Amino acid sequence: MRRRRPGQAPAVLADGRALSAAMLRQLFVGQCLVLALHLPWMPVWLVGLAVAVAGYRHLQLRRRLPRASMLLRLTAVGGLLVALWLEFGTLHGMDGLIGLLLGVYLLKLLETHNRRDARVVVMIGMVVATAAFLHDQGLPMAGGALLALGWLVQSLVWLSGATGARQAWRETAWLLGLSAPLMALLFVTFPRVGPLWSLPQVDRASTGLTDEIAPGDIAELSRSDARAFRARFEGREPSPYERYWRVYTLSHFDGVRWSRAAPRDLASALGHPLDRFVREGLRSPWQASGAPRFTAELLLEPDSRPWRPSLGTPLASDSRQRFLADGTLEGLTSLSSRSLLRLSSSGAAPSSPDPAGLAWHAMLPAEGNPRTRELAERLWRESNGDARTFLAAVMARFGEAPFRYTLSPPRLTSADRVDEFLFGSRAGYCTHYASAMAVLARAAGLPARVVAGFLGGERHPDGHVTVRDYDAHAWVEVWLDGAWQRLDPTAAIAPERIEEGPQAIRDGRSVFLADAPFSVLRLRELDWVNRLRLEWERLEYRWQRGVIGYQRESRRALMARVSEWLRGLWAWLVEVSPGRGALVTGLTLLAALGGLAGGAWLLRLGWRYHRRARDERGLLLALQAWLARRGLGPEPGESPAAHLRRIAPQAGTAGPALEESARHLERLVYAPVGSAERRERQRRLARRVAEVRRRLGRRRAPVS
């Protein structure tokens with residue numbers, strides 16, 4: 001082992017190969033930073049696993065415990081598999097696979113005893129840090145990943161022989177700074193390609209809204225502040241009472257619940273071809289080809305379901321979607337990450353009849369809710385068979401006492417739940433009123449259905465609208481005058497819900513955001529807190545839309561703008577310069593000559609490098625001359641190998657490369673080696689010489 005000279009800083013590596021306690025602490029801190037990226041989605045007992053492994057290595061270094069045996073390591077991996085299976089119920093989902101990768105990364109420290117093992121730990125850490133973006137791609141995750149990456153790169157620099165933390169961080173900053181321009185250039189110009197592989201997705205939805213509802217279901221969503229999607233409008237913006245975001249059309253009623261009839265099941269039951277109910281394309285084939293009323297860019301949250309919200313009836317999209325005849329929209333696949341969708345829509349209910357037929361939308365169970373049926377018949381007689389008068393009477397009835405709108409409706413338990421609501425509790429949320437009105441309409445012979453989606457959304461100062469779980473809403477569509485007409489009973493009993501959102505409802509207000517006790521939305525009445533919240537959401541939205549949402553169309557648009565700017569600059573130069581024809585010809589010739597000269601120069605450099613790499617003597621003579629200009633030249637009569645070994649202790653991080661260069665040189669000059677080994681050693685020698693130049697080129701080596 002080489003002895004440390006007086007005045008030389010102690011190396012982090014204890015003996016050149018075995019790792020010191022300082023280096024193990026460095027690796028453990030890196031593990032903690034990477035683990036922190038995953039903790040919001042991973043089980044907290046992984047922290048205990050990391051601490052246990054680090055504690056074992058600490059005691060092993062103090063010679064209180066032996067090295068981890070193969071049996072111990074296999075037992076630890078087996079325990080990890082069992083714990084993950086108990087936690088997630090499967091190891092085939094995304095969370096289970098990421099948990100396995102993270103656990104193996106933590107356990108790897110048990111068998112990390114030398115420099116090579118430590119490099120493997122660092123490289124696994126980089127992979128695990130990248131996997132964190134499968135959970136989230138927001139600004140906090142990007143900042144945390146950058147911090148973890150910086151620490152891991154610094155660990156690699158220490159493993160390369162850095163003499164202290166200051167030098168390691170300086171080298172790390174230099175490396176990250178050099179890579180940043182290339183990263184930005186590749187991000188802007190490199191085409192986006194689809195993933196070559198995918199992880200199994202957990203059946204997890206971004207919102208609690210489902211394709212079947214019963215009275216009281218949507219009231220539960222007022223407890224959550226989870227974000228469903230964000231929208232930015234191009235041109236006219238809808239007012240709050242126009243923001244009816246359609247998600248599901250529910251046409252089947254079993255006496256308790258309203259549910260969506262899947263197109264395939266409906267086509268099979270009615271004996272119709274499937275394309276009468278659903279079509280794939282860029283435009284809806286069922287709606288009129290008039291100008292859309294609203295055009296919006298939607299930033300959708302990840303979701304295991306293929307639903308897509310639309311403001312009223314969807315008309316056209318910038319990508320292929322599944323347009324359903326009932327006026328709803330589906331994607332071709334579920335969303336594994338946030339995605340942008342540009343969508344134009346009518347803002348109103350569909351104008352085309354449903355191919356299932358009007359009789360399907362007037363069906364009720366043969367029995368059930370007798371008092372509701374009796375009420376519908378009486379109101380229909382009093383309306384003299386006029387549909388609009390009948391519906392107005394129903395709306396007026398809801399607007400009278402003792403009906404009330406509440407966020408905490410009483411639970412309905414009887415078999416005739418519409419009867420229980422209309423004649424018993426008379427207190428409910430949007431689903432109670434929508435379900436009751438649709439049943440009354442069907443009992444009178446009018447085709448009706450329930451639509452589930454969202455109403456409203458919070459408009460931000462920069463113009464985009466955020467729609468959350470608590471904005472979930474249900475309303476009714478009735479077939480009148482050859483088109484579907486939207487009717488919202490909530491507007492009759494709680495108009496403040498339409499204008500201001502569910503937070504305006506006073507009855508049962510304690511339920512609002514009950515599942516989000518620490519939500520900053522609870523403090524929106526504090527002006528300065530609300531301003532900070534809106535500013536953060538604006539920044540995060542721009543990050544998601546501009547960085548995460550940077551796709552092929554954005555790249556093409558940016559490249560087109562850059563090309564247009566360059567053409568404009570060229571036209572301006574031609575316009576303001578005298579002798580335009582001569583100028584153009586001269587500049588073209590200069591550019592061509594410059595390109596040829598640059599290509600010849602690059603070829604010459606490549607040829608020189610190729611010849612130098614095959615001539616070890618010339619390579620070392622050039623290095624010695626370069627070192628001499630820096631005050632590290634050879635002494636009289638000193639051989640090249642002895643010269644490199646003598647100055648290695650003074651060269652800092654370039655010392656190991658100098659010593660390895662000396663070894664390769666002696667082997668090439670004095671030992672009988674085959675042609676394959678000679679070529680390999682010549683390549684290694686060239687790489688080590690380049691490393692010496694790179695490391696010494698940024699600092700003045702001390703002169704002995």
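This is a predicted model: local features need pLDDT of at least 70, side-chain atom pairs count only at pLDDT 80 or more; totals for chains, interfaces and linings use all residues.
**Entry: Ser334**

I began with Ser334, which lies in the loop between strand S11 (329-330) and strand S12 (339-345); helices (H or I, at least four residues) and strands (E, at least two) are DSSP runs, numbered from the N terminus. Ser334 counts as partly exposed because its relative accessibility is 37%, where buried means under 20% relative accessible area, exposed over 50%, and partly exposed in between (1.4 Å probe, protein chains only).

Residues are numbered from 1 along each chain as its sequence is written, and side-chain values use heavy atoms, with hydrogens and water left out.

**Entry: cavities**

Rolling a probe the size of a water molecule over the atoms shows where empty space is left. On a 1 Å grid over the protein atoms alone, a cavity is a set of points where a 1.4 Å probe fits but cannot get out, and lining residues have an atom within 4 Å of a point. Grid points are joined across faces, edges and corners, and a volume is the space filled by probe spheres set on the points.

How many cavities of 30 Å³ or more are there? The count comes to four. The largest cavity holds about 120 Å³ of space, and 14 residues line it, of which Ala261, Leu266, Phe277, Asp326 and Asp354 are the closest to its centre. I sorted this lining by class and found eight nonpolar, three polar and three charged residues; Ala, Val, Leu, Ile, Met, Phe, Trp, Tyr, Cys and Pro count as nonpolar, Asp, Glu, Lys and Arg as charged, and the others, Gly among them, as polar.

The second largest cavity has a volume of about 60 Å³. Ten residues line this second cavity, and the closest to its centre are Leu300, Glu301, Asp303, Trp307 and Leu335. Its lining divides into five nonpolar, one polar and four charged residues.

**Entry: aromatic rings**

A pair of aromatic rings is described by the distance of the centres and the angle of the planes. Rings of Phe, Tyr and Trp (its six-membered ring) pair if their centres lie within 6.5 Å; planes under 30 degrees apart count as stacked, over 60 as edge-to-face and the rest as tilted. A search of the whole structure gave me 17 aromatic pairs.

I took Phe398 and Phe403 as one example, whose ring centres are 5.7 Å apart and whose planes stand at 80 degrees, so the pair is edge-to-face. Phe398 is buried at 0% relative accessibility, and Phe403 is buried too, with a relative accessible area of 10%.

Which type of pair do Tyr405 and Tyr429 make? Their centres are 5.3 Å apart and their planes at 35 degrees, so this pair is tilted. The pair links distant parts of the chain, 24 residues apart, with Tyr405 in strand S13 (residues 404-405) and Tyr429 in the loop between strand S14 (427-428) and helix H13 (430-443). Tyr405 is buried at 6% relative accessibility, as is Tyr429 at 0%. I also noted that Phe398, Phe403, Tyr405, Phe421, Tyr429 and Tyr433 form one aromatic cluster.

**Entry: charges over rings**

A charge sits over a ring if NZ of Lys or CZ of Arg is within 6 Å of the ring centre and within 35 degrees of the ring normal. I found Arg371 over the face of Phe423, at 4.3 Å from the ring centre, and Arg449 over the face of Trp484, at 3.8 Å from the ring centre.

**Entry: loop residues**

Asn384 has a positive phi of about 55 degrees although it is not a glycine. I located Asn384 in the loop between helix H10 (370-382) and helix H11 (387-398). Is Asn384 buried or exposed? Asn384 is exposed, with a relative accessible area of 72%.

Arg426, also a residue other than glycine, has a positive phi near 55 degrees. Arg426 sits in the loop between helix H12 (417-425) and S14, and is partly exposed, with a relative accessible area of 24%.

Methods
On a 1 Å grid over the protein atoms alone, a cavity is a set of points where a 1.4 Å probe fits but cannot get out, and a pocket is an open set with protein on both sides within 12 Å along at least five of seven lines; lining residues have an atom within 4 Å of a point.
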